[in-house]
Amino acid sequence: MTARAIRRISLPGLTMAVLALFLIATVATGISVLATNRMTVAHLVDRRVDAIADLVLERDPGEGLPGTDILLARIDALSRQRDTGDVGLALTRADGQWLGGNIRLRRRLPSGRSDLRTDDGIIGLSHGRALVRDAGAGRRLIVVAETEPFDSYREMRTRIYLIGFGSIILVVLGGMTAFALLVARRIGDQRAAVDAIIAGNIRHRVPVTGSADEFDRQAAAFNRMLDRIAELMEAMRGQSNDIAHDLRTPLARLRGQLSAMVADARDDDQATRAAAALAQCDTLLAMFAALLRIAEIEGGVRRAGFAPFDLSALVEEIATMMIPVAEDAGHRLSVAVDVAMPDFVGDRQLLTQALVNLIGNAIKYGVAGGAIRVSLDACEDGVALRVADDGPGIPPEDRARALRRFGRLDSSRAQAGHGLGLPLVAAIARLHGGRLVLDDAKPGLVVSLILPGR
């Protein structure tokens, strides 16, 4: 498996892979131990059977194999001995005719070694090993020994292995499950911190348990990084705010002087130029006010003022209030609220400003005599507050730029504005855990403020 493939494995996938490998290794080890045990027992029994067969077929010096009577006598003597009393011995002819011994078999055994089972008919033997050797003169010596000390020993031994290795598997499964839950919980803490920071709560931190383990050290390092980022952002925000505040004062003074110039103008041309300069000054003041407002919202300060209110009633109220404004501009405004949100938690003032901004944009950029539609309905992520017009719309390739600060499009540069309206609404959406989406109204533009259901 390549390094790239390993990087693509998810945590659950890696956990399942490790468990699968462990189970395979454990089962293989259990099977090999059981097989090795059986082979070892069979080998020891075979050695014992060989030794007994050698005793029975032992030759006297200078003579051939013993006669039948001697063989039967040796078999009888060995059957009476304590250390060989559990061994089965039989002497047969080559055709299987029984000549003597302490056992009889239901089937003819092949020459050499073979396994015995319960159905071979030897009383007290469930599993064993047999050795068939040539005893000369057309005779065959059969020596049988048990491979189990008592009945059903093999089943009990298998059960013991299953219990032993099964307990190991259960312990490891429990440990892996606990480890996976621990990892998931600690990663979930980091994910929650990231989500909170994305939503604007820059002060949120990953919990530290005090165990000083790898997760705690990771959380502490992550929190130190967040502290540093917060310090840098606070410094940048402070500088921006200081610049904005410092510039607002001379701009306010400049506005006062321009207002006086408009009032004291000696002719229409001077009055017109002073009025134009006053309008530009008002635009600058509005721009600084919008920047400060966005900075305040993105700082997450307003989140502390969240309270429940009726979002459905707010949409109907603001839209109804804006109907006369739209009509004065030559537009038809309608509102449709298809979902009840009596206990929505958020900042009522900011959402009011967001809706007023969206309707104002629709009035500003919609075609004369066109329709503006305000709606609130349920969606997959919660609720969608939509404002649609039938104006020229925004091409898909320009929508990201329209959401950036000062991201004015070429088609709108001839009209008054500073390009901070949609970024302000987007900041309000993020503060509430939502997002702002621009789409095609076919014709026109539909702006959707997606808010989570609360």
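Rings of Phe, Tyr and Trp (its six-membered ring) pair up if their centres lie within 6.5 Å, with planes under 30 degrees apart called stacked, over 60 edge-to-face and the rest tilted. By that rule, a search of the whole structure turns up one aromatic pair. Keep in mind that this is a predicted model, where local features need pLDDT of at least 70, side-chain atom pairs count only at pLDDT 80 or more, and totals for chains, interfaces and linings use all residues. Residues are numbered from 1 along each chain as its sequence is written, and side-chain values use heavy atoms, leaving out hydrogens and water.

**The aromatic pair**
- F309 and F344 have ring centres 5.7 Å apart and planes at 75°, so they sit edge-to-face.
- The pair ties together distant parts of the chain, 35 residues apart: F309 is in strand β6 (residues 307-309) and F344 in strand β8 (residues 344-346). Strands here are DSSP runs of E, at least two residues, and helices are runs of H or I, at least four, numbered from the N terminus.
- F309 and F344 are both buried (under 20% relative accessible area; exposed is over 50%, partly exposed in between, with a 1.4 Å probe and protein chains only).

**Around A271**
- A271 belongs to helix α6 (residues 268-298).
- With 22% relative accessibility, A271 counts as partly exposed.
- Leaving aside residues up to four places away in sequence, A271 touches V262 and A265 (contact means heavy atoms within 4.5 Å).

**The whole chain**
- The chain has 10 helices and 12 strands.
- Of its 454 residues, 36% are buried.
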